[in-house]
Amino acid sequence: MPRTALKQFTIEHLQIMDQDGNVDPALDPKIPDQDLKELYRTMLKARMVDDRMYKLQAQGRMGTFPGVKGQEGCLGYGYALGKDDSIVPAFRETAALFYRGAPIKNILQYFMGMEEANVFPPEVKILPIPIAIGSQTLHGAGLAWANQIQNKPGVVLTFFGDGGSSEGDFHEACNMAGIFKLPVIFVCINNGWAISVPRTTQCASETLAQKAVGYGFPGIQVDGNDFMATYVACKEALDRARKGEGPTLIESVTYRLGAHTTADDPKRYRSEKEVEVWKPRDPMIRFKAYMEKKKLWSEAWQTKLEQEIAVEIEEAVREAEAEFQAINPYEMFDHVYSEMTPDLVAQKEHALEFAEEVAALHH
């Protein structure tokens, strides 16, 4: 019997804005000028909050955190969502979260160690930021399934990294999402590195987007530093989900310009030459160039924005630190389970005794 091709597939790559801020007129989503100005402000805010957090961490006023510099192009995903839609984040999508309405204070306090700050205002529909890799995909699929069962209108967008696409959670989530045609969008933020492991040694497939094919739904790769491409790809995926056509996997190719976290030294595993290649592709540079071409950007406006955002950030820092100083650190033992286990009781007692000993040494 002859061999026959049972299935063939292609994976599209979508880019709308080039490195110099020029937009393909055939693909231009024609975003209103006022929205563009608000989007630029949000991207700038994400960049400035990131810079401020690095300084707070260096001063011992914040714990280890993952920087977002270079990955602000994910803003387009937040812009595409409607009020009924939800985000299940990873930990580098600050720009999308801010556009959605996440307070700066929550982001600051979460990385100061206040787990309660991970509960965002209900109207923004953002689930807690997880540190576990890939777990968000199951949470996203589960929430989408709940929406489907209850006939709720919302679509769920879940972020995860390229390293997360190697985890079992990702494959289980995709499998169930494909079977039940769940209203969920899987956004894989492919920033080239899973901590110190390069993309080339994480997975043998040419693209991560093509993994969707194995689970029976579409995948697309986008230029993740082009906020217009992320917006358009997400809008198309939302339209599919709202029509009952199920999930989409979006591979968002970007690059983290900084370290994996503030506890990491990327110079130990990647070259400066590689970083230099990506610097001109910075989503901020491209967005600014685009705004200049449309005569929506000026030096005076930039200065005004930076001053406004700086005030906003400092107010958030003051509020976050004031609340942080008021917390009782020993409460962390109380809320792990509904009732404390004997081990937790012993740990809390030991911590209190240790604190008393330290205090006695200082008197």
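Predicted model: local features only at pLDDT ≥ 70, side-chain atom pairs only at ≥ 80, totals over all residues.
View 1. The relative accessibility of Val 184 is 0%, so the residue counts as buried. Leaving aside residues up to four places away in sequence, the contacts of Val 184 include Gly 140, Ala 141 and Ala 144. Val 155, Val 156, Thr 158 and Ala 177 are also touched by Val 184, as are Pro 247 and Thr 248. Arg 242 is 58 residues from Val 184 along the chain, and the C-alpha atoms of the two are separated by 9.7 Å.

**View 2. Pairing of strands S4 and S8.** Strand S4 covers residues 184-190 and strand S8 covers residues 248-253. The two strands run in the parallel sense and are joined by six bridges. Within this pairing, Ile 185 of the model stands opposite Thr 248 in S8.

View 3. Six strands form an open sheet in the order S1-S7-S8-S4-S3-S2, with parallel pairing. The edges are taken by strand S1 (13-14) and strand S2 (86-88); each has a single partner strand, so one side of each is left without a neighbour in the sheet.

**View 4. Strand S7 between S1 and S8.** S7 pairs with S1 in the parallel sense over two bridges, and with S8 in the parallel sense over five bridges. On the S8 side, Asp 223 has Val 253 as its bridge partner. S7 is mostly covered, with five of its five residues buried. Gly 219, Gln 221 and Asp 223 point one way from the strand, while Ile 220 and Val 222 point the other way.

**View 5. The ring pair Phe 186 and Phe 217.** The model holds 14 aromatic pairs. In one of them, the ring centres of Phe 186 and Phe 217 are 6.1 Å apart and the planes stand at 25 degrees, so the pair is stacked. Distant parts of the chain are linked by this pair: Phe 186 belongs to strand S4, and Phe 217 to the loop between strand S6 (197-198) and strand S7 (219-223), 31 residues apart. Phe 186 counts as buried because its relative accessibility is 0%. Phe 217 is buried as well, with a relative accessible area of 6%.

**View 6. A cluster of rings, and charges over rings.** Tyr 40, Phe 227, Phe 287 and Trp 301 are linked into a cluster by ring pairs. Elsewhere, charged side chains sit over rings. The charged end of Lys 45 is 4.8 Å from the centre of the Phe 98 ring, over which it sits. Arg 281 lies over the face of Trp 278, with a distance of 4.5 Å to the ring centre.

**View 7. The whole chain, for orientation.** The protein has 11 helices and eight strands. Its radius of gyration is 22 Å, close to the 21 Å given by the globule rule for 363 residues, so the protein is as compact as a globular protein of that length. The C-alpha trace spans about 85 × 60 × 45 Å along its principal axes. Of the 363 residues, 48% count as buried. Among contacts with a separation of 6 or more, 73% are between residues 24 or more positions apart. The accessible surface comes to about 18,200 Å², and 54% of it belongs to carbon and sulfur atoms.

Technical notes:
Residues numbered from 1 in each chain as written. Heavy atoms only, no water. Pairing = 2+ DSSP bridges. Helix = DSSP H or I, 4+ residues; strand = E, 2+ residues; numbered from the N terminus. Phe/Tyr/Trp six-rings, centres within 6.5 Å; stacked < 30°, edge-to-face > 60°. Buried < 20%, exposed > 50% of the residue type's maximum accessible area, 1.4 Å probe, protein only. Lys NZ or Arg CZ within 6 Å of the ring centre and 35° of its normal. Contact = heavy atoms within 4.5 Å. Rg over C-alpha atoms; globule rule 2.2 N^0.38 Å. Areas by Shrake-Rupley, 256 points an atom, 1.4 Å probe, with all protein chains shown as cover.
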